[in-house]
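Please examine the chain shown here, first as a whole and then in detail.

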Amino acid sequence: MKPWMLCLILSVTTPFCGFAQSLTLQTFSSGGTSISPLVSTVGQPIASSPAGSGTKLEAGFAPSITAFANNFPPAIIYSVESTPIHAGDKLTVTVTDADGISKVTLFRRVIASSANTFDSIACTATTGNQFESTIQASHFDDLGIEYFFKAVDNTGKRTTKLADDGKYFHRYKDAEGAVVPSTVFNIGDKSADYKIITIPYNLQVAGIGSQFNELGEQEASVYRLATYAGNSKWNEYPSSALNVFERGKGYWFLTTKSDATLFLEGESTPHNYRSNLFQMTLQPDWNQVGNPYPVAISWNDVIEYNDNVNIGSLKVFNGGYSDGNELKPFEGGFVRNSSASPITISIPFKGQTTTGGRTKNRSFETALDAEQWMVKLNLVGDHLQSQVGAIGMHPDASNDIDVYDDFYPPRFSNYLELHFVSASGKESLAKNIVSRQESFTWNFTIDSPDGTEKVLQWDNMIMGTSSIELYLLDESQMLFINMRQQSSHRVKKGRPYKIVYGKNIHSEVRPSRTGLGKPYPNPFHPDGVSELKIPFGLADQQQQKVTAEIVDAQGRIVRTVLSKELVGGFYEIPWNGHNAAQGDCSSGLYLIRLTVENKLTQQTFYHRFFIQ
């Protein structure tokens, strides 16, 4: 027989590493004579046990064993610490491999990061197969740090170390010494001074009195704190219904104590991260919510992340309600759940969104000829403001209530509101967005605790350059205001108003009655530049004789400012304050007398004004 060679090749692909395991290989024989079993230690060269004294091989038989070195990646041993993270702390791991370690890397990012990538930091070798990395203050945010490890041995094999649940490791920032920032609440005693606050930390003792003990015993003259209870009702501290702070809930807060520093007691950073978000339950209708994190969030991201058409936009309060988006730490607002049942939503971190969300569907432009446009309408008066009202069009909107419309949050104290009646007439809207169309008329009123005049404001500089018109009709004052040319108008509770959209509006819209509006400005101060405006409207479509005269307190005609045949429509007469002789009129009380004559009737209207 010719000589032959037996080659044994051991290929091991087991997942374990960092320890030795003894393998007994099969006994081979040739010509009835056996070879002693081969014993190998994983990670070590294979060696043959010495043959017994009675072992014989046929002539020329010479077995040869080929052995391979370690085929296993590095082993990483790490146990996350439960203590809060501080600048200067070290993250230490133990890494072993029979072929030696080439490098160990820490991959980290702040917990609330909107980035999907991690920064890498090389770990430094110390003693006993240990590697460490020092944490800087810039490595974590007000929640903490999210991280994992990777090791590479000298043969290029790699190991990634995640937590036992397959997620990243987390260490949370030390919250000790946290205070409620003075920037999130006001010092004052007016209803407009209230702000909505929240506590974004876990509290060992959540009692409001314990946390706000710097303010002393609760007295209305020192501070007040309340939260919305639903159905236009409020719970105010102290009461059985409101004694403790809850994460994710907002609270009206106001204090007169000018030196108030609100230290928190027993606070700890919540253990939330990108794959373990805070869950918030929204009850039907309005909810007073708070940012549950010590980092800023975006409510638009919340809407997109949860992709639920029943989640309304955020309303914040700063001397009045307005649309909001960003909630900084310790800040709160109001959100409406338009469904009839509670819904539970996740609160993502800023920039953490999912595809297919609805944020893009709610976007608007300001040009009147845009496919989806919106003009915001703000009310100002009595130290209050309201910035929720708006009109607009959207191709996906309906003329009745839908997700593009909006409402005013619950009235807490003083208020200013602008009300559009829905197409069905069932509800009053703060924001009325209708389907895209060539012309439309919005009817609205305003509401406030008193009957004093307020100021309605809009931005007339961003409506675009198209020929589409937008007019505000105040028929009680016989004013038909080009909203492209003016940016405000004084309005009053109890009066009806209209906003008309389309083309050639001024030549087509007629008042429902004939009348004289109040001249303005009143008092009037002639200065050679200013003019007194005298508005009036004619309901009759036929031509009629119109005369407008300035009359003094003695009934004498100072000047005839109009004498003309006119048809129905809205008009405005300017007067520079000069009498018939082109001289300046003296200060005092004057009247506007408007006479309208047709074939059958004659009507006369008066309004008084002052010249200063």
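This is a predicted model: local features need pLDDT of at least 70, side-chain atom pairs count only at pLDDT 80 or more; totals for chains, interfaces and linings use all residues.

Residues are numbered from 1 along each chain as its sequence is written, and side-chain values use heavy atoms, with hydrogens and water left out.

The chain contains three helices and 52 strands, taken as DSSP runs numbered from the N terminus (helices: H or I, at least four residues; strands: E, at least two). Of its 612 residues, 45% are buried, where buried means under 20% relative accessible area, exposed over 50%, and partly exposed in between (1.4 Å probe, protein chains only). Among contacts (heavy atoms within 4.5 Å) that link residues at least 6 apart in sequence, 69% join residues at least 24 apart.

The largest pocket holds about 660 Å³ of space. A pocket here is an open set of points on a 1 Å grid over the protein atoms alone, where a 1.4 Å probe fits, with protein on both sides within 12 Å along at least five of seven lines; lining residues have an atom within 4 Å of a point. Its volume is the space filled by probe spheres set on the points, which are joined across faces, edges and corners. Of the 27 lining residues, Ser 313, Arg 362, Val 403, Asp 405 and Asp 406 are the closest to the centre.

Thr 126 lies in the loop between strand 12 (124-125) and strand 13 (130-134). Thr 126 is partly exposed, at 38% relative accessible area. Beyond its neighbours within four places in sequence, Thr 126 contacts Phe 131 and Glu 132.
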